[in-house]
Amino acid sequence: MAYRNLLISRRDAVHTITVNRPDKLNALNRETLNELTLAFAQAAQDDAVRAVVLAGAGEKAFVAGADIAEMHGYTPVQAQGFSRAGQRLMSSIERLGKPVIARIQGFALGGGMELAMACHLRVASEKAKFGQPEINLGLIPGFGGTQRLLRLAGRAAALELCLTGAPIDAQRAFALGVVNRVVTPEALDQTVDALADQLAAAAPLAAAGILDAVLQGGETGLDQGLEFETQAFALAFSTEDMREGTSAFLEKRKAQFQGR
Ligand code: COA
């Protein structure tokens, strides 16, 4: 399907979704949110997709936030719908059941930082800038930023970034645990591709179990989280991939996982 604001590409089992509004620094208007929701639903349903990369077009920005021009005229009811649509998108990415990597080369501000935080792993160029500047607009984050930043980096960082609205560089984001890797701009594509290939080659049902257990565990107490892990661990024993993985180890060969 053709999108007005996205580019879609595929390299083996790695599916790349690129927000493509570079003249607006890839700001998320309602149409782009809707298209992203559709694109991620399609990636979820396609068994040939084993890992997803989310990127922003151009050199300057991953995504510079929700579209301020569009929000400017919103009524509270429209704002509520916009926030819910954004939150639904972020949750659908988090719950995709396949690993999603954010490739961040420039500004990841506001909704852009929220979008990056909904992905499972974040690889940033050392030139990337992160922030939740909504307060400078008289707003607060509305796509899950107050909640995911709190969970990723803790209360002090969440309050500092949201209350000051000041951007932080990639190294600080790394120190806060917001990004997984920081690399030179030249090494960004290669690093993202290598990581995506590694994730795409992993046993897909085991990956889904890990994503589920870690995400559930973040929202529950230790005992419940451990019980969830036990059930997911036991379920893995019903898969052909588990037989293949353990047999391959014992036979000293490379495992071929089929996602069954
Ligand atoms: N919403 C809508 N349009 C945006 C946007 C956003 N979040 N961020 C950037 N743009 C647009 C600009 O309006 C400009 O459009 P124009 O050429 O039609 O005037 C274009 O993208 C380029 O941005 P510009 O501001 O000229 O680039 P810059 O390099 O001078 O500044 C930023 C870059 C990121 C510092 C600046 O664009 C900015 O502060 N953006 C808003 C960030 C923000 O508050 N995000 C949270 C929103 S809730």
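**Exercise 1. What span should the 14 residues of helix α9 (residues 204–217) have at 1.5 Å a residue, and how far apart are its end C-alpha atoms?**

The model is predicted: local features need pLDDT of at least 70, side-chain atom pairs count only at pLDDT 80 or more, and totals for chains, interfaces and linings use all residues. Residues are numbered from 1 along each chain as its sequence is written, and side-chain values use heavy atoms, with hydrogens and water left out.

Step 1. Helices (H or I, at least four residues) and strands (E, at least two) are DSSP runs, numbered from the N terminus.

Step 2. The expected span of a helix is 1.5 Å times one less than its number of residues. For the 14 residues of α9 this should give 20 Å, and the end C-alpha atoms are 20 Å apart, which agrees.

Step 3. Pro204, Ala207, Leu211, Ala213 and Leu215 are the buried residues of α9. Here buried means under 20% relative accessible area, exposed over 50%, and partly exposed in between (1.4 Å probe, protein chains only).

Step 4. The partners of these buried residues are α3 (76–94), α10 (222–236) and α11, where contact means heavy atoms within 4.5 Å.

**Exercise 2. Determine which residues of α8 are buried and where they lie around the axis.**

Step 1. Helix α8 (residues 188–201) has 14 residues and reaches 20 Å from its first C-alpha to its last, close to the 20 Å expected.

Step 2. Leu188, Thr191, Val192, Leu195, Ala196 and Ala200 are buried in α8. They cover an arc of only 160 degrees around the axis, which puts them on the same side of α8; the arc is that of the directions from the helix axis to the C-beta atoms.

Step 3. An α-helix has 3.6 residues a turn, so residues three or four places apart point the same way.

Step 4. Gln190 and Gln198 are exposed, on the face of α8 turned away from its buried side. The buried residues pack against β2 (14–19), β3 (51–56), β5 (100–104), β7 (121–125) and β10 (181–183).

**Exercise 3. Describe the surroundings of the ligand.**

Step 1. The ligand is surrounded by 16 residues, of which the closest are Lys24, Lys60, Ala64, Ala66 and Ile68. A residue is near a molecule if one of its heavy atoms lies within 4 Å of it.

Step 2. α2 (68–72) and β6 (107–109) each supply at least two residues of the shell.

Step 3. A ligand oxygen atom is 2.5 Å from an N or O atom in the side chain of Lys60. A ligand nitrogen atom lies 2.9 Å from a polar backbone atom of Ala66, and a ligand nitrogen atom is 2.9 Å from a polar backbone atom of Ile68.

Step 4. Taken alone, the ligand exposes 870 Å², and the protein buries 59% of that. These areas come from the Shrake-Rupley method with a 1.4 Å probe.

**Exercise 4. Classify Glu244, Gly131 and Ala236 by accessibility.**

Step 1. Glu244 lies in helix α11 (residues 240–250) and counts as buried at 17% relative accessibility. Not counting residues up to four places away in sequence, Glu244 touches Arg253, Lys254, Ala255, Gln256 and Phe257.

Step 2. Gly131, in strand β8 (residues 129–131), is buried at 0% relative accessibility. With that sequence exclusion of up to four places, its contacts are Ala108, Leu109, Gly110, Met113, Ala166 and Pro167.

Step 3. Ala236 belongs to helix α10 and is partly exposed at 27% relative accessibility. Its C-alpha atom is separated by 7.4 Å from that of Leu205, 31 residues apart along the chain.

Methods
Polar contact = N/O pair within 3.5 Å; in protein donor to acceptor, adjacent residues only side chain to side chain.
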